[in-house]
Amino acid sequence: MKILITGNLGYVGPTLVKTLRKDYPTAVLMGFDVGYFAKLITNTSISPDHYLDVQYYGDVRNFPEDILIGVDTVIHLSAISNDPIGNKFEQVTLDINFKATQTIAEKARDKGVKNFVFASSCSVYGFAQDAARTESSQLNPLTAYAKSKVYSEEALAQLANSDFKVTCLRFATACGISERLRLDLVLNDFTAGAVANGEINIMSDGSPWRPLINVKDMARAIIWARERDAIESDNFLIVNTGSDEWNYQVKDLATAIKAILPQTVISINKDAQPDKRSYRVDFSLFKKLAPNHQPVYDLPTTINELVEGLQNIGFNDHNFRTSNLIRLNVINDLLVSGIVDNNLALAR
């Protein structure tokens with residue numbers, strides 16, 4: 001068995017690779033990544049990439065199809081993965097997140113890959129203040145990132161067939177500790193503020209809804225997607241990936257952190273303009289299809305792991321939002337240094 005993970009040198013990749021190695025000890029695990037964030041390891045043990053057999057470096061916009069020979073499954077994580085970067089580099093985001101996804105999937109199908117697992121996002125629902133969104137609900141993508149996920153799903157639907165099974169996992173917002181930690185995710189940001197400064201600054205009025213999922217549970221879902229039997233569902237499947245219990249209002253996340261770190265002071269911007277990204281999500285289909293791969297992490301456990309992980313690396317950066325734990329800051333540094341050009345391609 002050969003499994004290729006694109007975008008493996010980001011936030012989700014290290015946890016996923018370790019999970020794959022545990023579940024498939026004899027598999028050949030291959031990574032493909034441009035390496036923007038490769039050096040940003042935030043643990044004190046060995047490199048998380050140790051569990052790979054092969055690491056390829058390259059840009060998904062120029063993907064070398066020969067590495068797909070003999071591959072059984074492609075797990076496609078590679079993406080410009082947050083709204084601030086997407087807003088600044090809208091066309092680049094569409095090129096990397098959508099056009100490259102379509103091209104890689106086409107090459108994978110032509111090379112005989114059997115399974116294509118795509119990391120999509122619940123952000124495709126945008127603003128939805130009424131009922132929790134199901135897979136058949138109307139989409140309302142508000143950002144370049146969300147739009148790129150919708151376009152990719154539509155393209156992948158045209159490629160799937162009985163020999164090329166495609167699973168689009170519409171993940172809830174990621175959270176939790178990782179060997180390549182990001183602090184530009186809502187729960188991670190709040191926890192970092194509580195640890196470093198003893199305070200949580202909520203930029204909105206605290207009312208927006210967010211579904212969340214621990215990064216370790218994301219890995220479990222990806223395992224299910226690789227193994228799922230297409231006979232029992234479709235060759236092409238979109239599924240909201242998370243759990244109903246993890247639909248939270250932003251202010252409730254802050255309260256949960258304060259319960260663990262009682263000295264934390266919470267400030268809410270009651271005069272903030274309404275956040276257009278607010279939605280609850282119905283995860284009942286995922287619960288039905290993947291009963292043995294349901295999320296096992298709850299909110300307090302995830303917060304405790306974040307607190308412990310931050311303390312273990314001596315985290316005390318009062319200005320962490322200007323640090324390299326924020327993905328946009330890393331991209332800006334690469335631009336200033338001339339390592340990447342304005343299209344985020346590696347400069348030659």
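**Entry 1: helices α1 and α6**

At what angle do helix α1 and helix α6 pack, and how far apart are their axes? I looked this up in a model that is predicted. Helix α1 covers residues 13–23 and helix α6 covers residues 215–227. I found a packing angle of about 50 degrees, with the axes 9 Å apart. That angle makes α1 oblique to α6. I noted the crossing of α1 and α6 as right-handed.

I then listed the residues on each side of this contact. From α1 come T15, L16, T19, L20 and D23, and they meet V215, K216, A219, I222 and I223 of α6. Sorted by class, the contact between α1 and α6 holds 6 nonpolar, 2 polar and 2 charged residues. I recalled a general point here: an α-helix has 3.6 residues a turn, so residues three or four places apart point the same way.

**Entry 2: R21 in α1**

Is R21 buried or exposed? I located R21 in helix α1. Its relative accessibility is 16%, and R21 therefore counts as buried, the cut-off being under 20%.

I next followed the side chain of R21. It reaches the backbone oxygen of Y24 at 3.3 Å. The side chain of R21 also reaches the backbone oxygen of P25, at 3.1 Å. Setting aside neighbours within four places in sequence, I recorded contacts of R21 with T26, A27, L29, Y51 and D53.

**Entry 3: M218 in α6**

I turned to M218, which lies in helix α6. M218 has a relative accessibility of 6% and so counts as buried. Which residues does M218 touch, not counting those up to four places away in sequence? I found V12, F171, A174 and I213.

I also compared M218 with N201. The two are 17 residues apart in sequence, and their C-alpha atoms are 27 Å apart in space.

**Entry 4: S137 in a loop**

Where is S137 found? I placed S137 in the loop between β6 (127–133) and α4 (144–159). The relative accessible area of S137 is 19%, and S137 is therefore buried, since the cut-off is under 20%. A polar atom of the S137 side chain lies 2.9 Å from the backbone nitrogen of T134.

**Entry 5: helices α7 and α9**

Which residues of α7 and α9 meet? On the α7 side I listed L253, A256, I257 and I260; on the α9 side, L299, P300, I303 and N304. By class, the contact of α7 with α9 has 7 nonpolar residues, 1 polar residue and no charged residues.

**Entry 6: helix α10**

Which residues of helix α10 are buried? Helix α10 runs over residues 327–337, and I recorded R327, L328, N329, V330, I331, L334 and L335 as its buried residues. I found that the buried residues of α10 pack against α2 (83–88). Just after α10 comes G338, for which I noted a positive phi of about 80 degrees.

Terms used. Residues numbered from 1 in each chain as written. Predicted model: local features only at pLDDT ≥ 70, side-chain atom pairs only at ≥ 80, totals over all residues. Heavy atoms only, no water. Contact = heavy atoms within 4.5 Å. Helix = DSSP H or I, 4+ residues; strand = E, 2+ residues; numbered from the N terminus. Nonpolar A, V, L, I, M, F, W, Y, C, P; charged D, E, K, R; others polar. Buried < 20%, exposed > 50% of the residue type's maximum accessible area, 1.4 Å probe, protein only. Polar contact = N/O pair within 3.5 Å; in protein donor to acceptor, adjacent residues only side chain to side chain. Axes fitted to C-alpha atoms, helices over the stretch in contact; angles between N-to-C directions. Parallel < 35°, antiparallel > 145°, perpendicular 65-115°, else oblique. Left-handed = near helix turned anticlockwise from the far one by under 90°.
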